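Visitor: I would like to go through the charged side-chain pairs here, step by step. Could you guide me?

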Amino acid sequence: MGIQLQSASLPAHIKGMEAVRLFAKWNKVSVDPSMLTALGVNNLANKQYQEMSTGQKRRLHLALALISDPDIVFLDEPTAGLDIEGRISLHKYIRTLKTHGKTILLASHDMAEVESLCDSIAILKDGRIAFAGTVNELTKAVGKHYNICIKTSQGRETFEVDNIGKSLISILKGYQEKKVDIQDIQVDRGSLEQHFIRIARGSKE
């Protein structure tokens, strides 16, 4: 089992590769160079912990959590403090772990991250599980809510509706009356973030 906590720390003067070797020795395993390369830890080999940025520290913490090639990995807000490149690299590596049959429990407030990476999700409300299932099951659980995005020469406008047919006719009629040409229309069932907010508020309306 490997764990990356949201808040963790190492001795200020320890270097990146020193920490890696120390954890490898504790776990009686060999260091996987490909894992270090994928997470960008090689670049931190001779850098002291106190000199690392928040994102660099998080990459090192994740490498230490994976050092023993665990079957189950707990990740607590793993991308907090990471730059865009770091987030992309980490997401790619998490997907690689999934293909290798690893079980990953991810705690995150980033709904886009959750929707992109997770096969199943659980939403906590007041310390209890308010929902557990897939993203599609969550979409069904919150009822029929839709986003209609209209693109015109004046920009984009999004409408949140419950009935696509009646609402779309009304919206299109409004643009026609204003003599505004529509360039594109997109309809979706709403984002995971919207569904999360509804569940967290304790309402399916």
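Guide: A salt bridge is taken here as a side-chain nitrogen of Lys or Arg within 4 Å of a carboxyl oxygen of Asp or Glu. The model is predicted.

Visitor: How many salt bridges does a search of the whole structure find?
Guide: Side chains of opposite charge can pair when their charged atoms come close. Among the pairs found is lysine 125 with aspartate 126, whose closest N and O atoms are 3.2 Å apart. For the whole structure, the number of salt bridges found is three.

Visitor: Which residue forms a salt bridge with lysine 102, and is lysine 102 buried or exposed?
Guide: The closest N and O atoms of lysine 102 and its partner, aspartate 69, are 2.8 Å apart. This pair links distant parts of the chain, 33 residues apart, with lysine 102 in the loop between helix H4 (84-99) and strand S3 (103-107) and aspartate 69 in the loop between helix H3 (54-66) and strand S2 (72-76). Aspartate 69 counts as exposed at 53% relative accessibility. Since buried means under 20% relative accessible area, lysine 102, at 14%, counts as buried.

Visitor: Where is aspartate 119, which pairs with lysine 98 in helix H4?
Guide: Lysine 98 and aspartate 119 form a salt bridge, with their closest N and O atoms 3.4 Å apart. Lysine 98 is partly exposed, with a relative accessible area of 30%, whereas aspartate 119 counts as exposed at 57%. The two residues are 21 residues apart, and aspartate 119 is in the loop between helix H5 (111-117) and strand S4 (121-125).

Key: Residues are numbered from 1 along each chain as its sequence is written. This is a predicted model: local features need pLDDT of at least 70, side-chain atom pairs count only at pLDDT 80 or more; totals for chains, interfaces and linings use all residues. Side-chain values use heavy atoms; hydrogens and water are left out. Helices (H or I, at least four residues) and strands (E, at least two) are DSSP runs, numbered from the N terminus. Buried means under 20% relative accessible area, exposed over 50%, partly exposed in between (1.4 Å probe, protein chains only).
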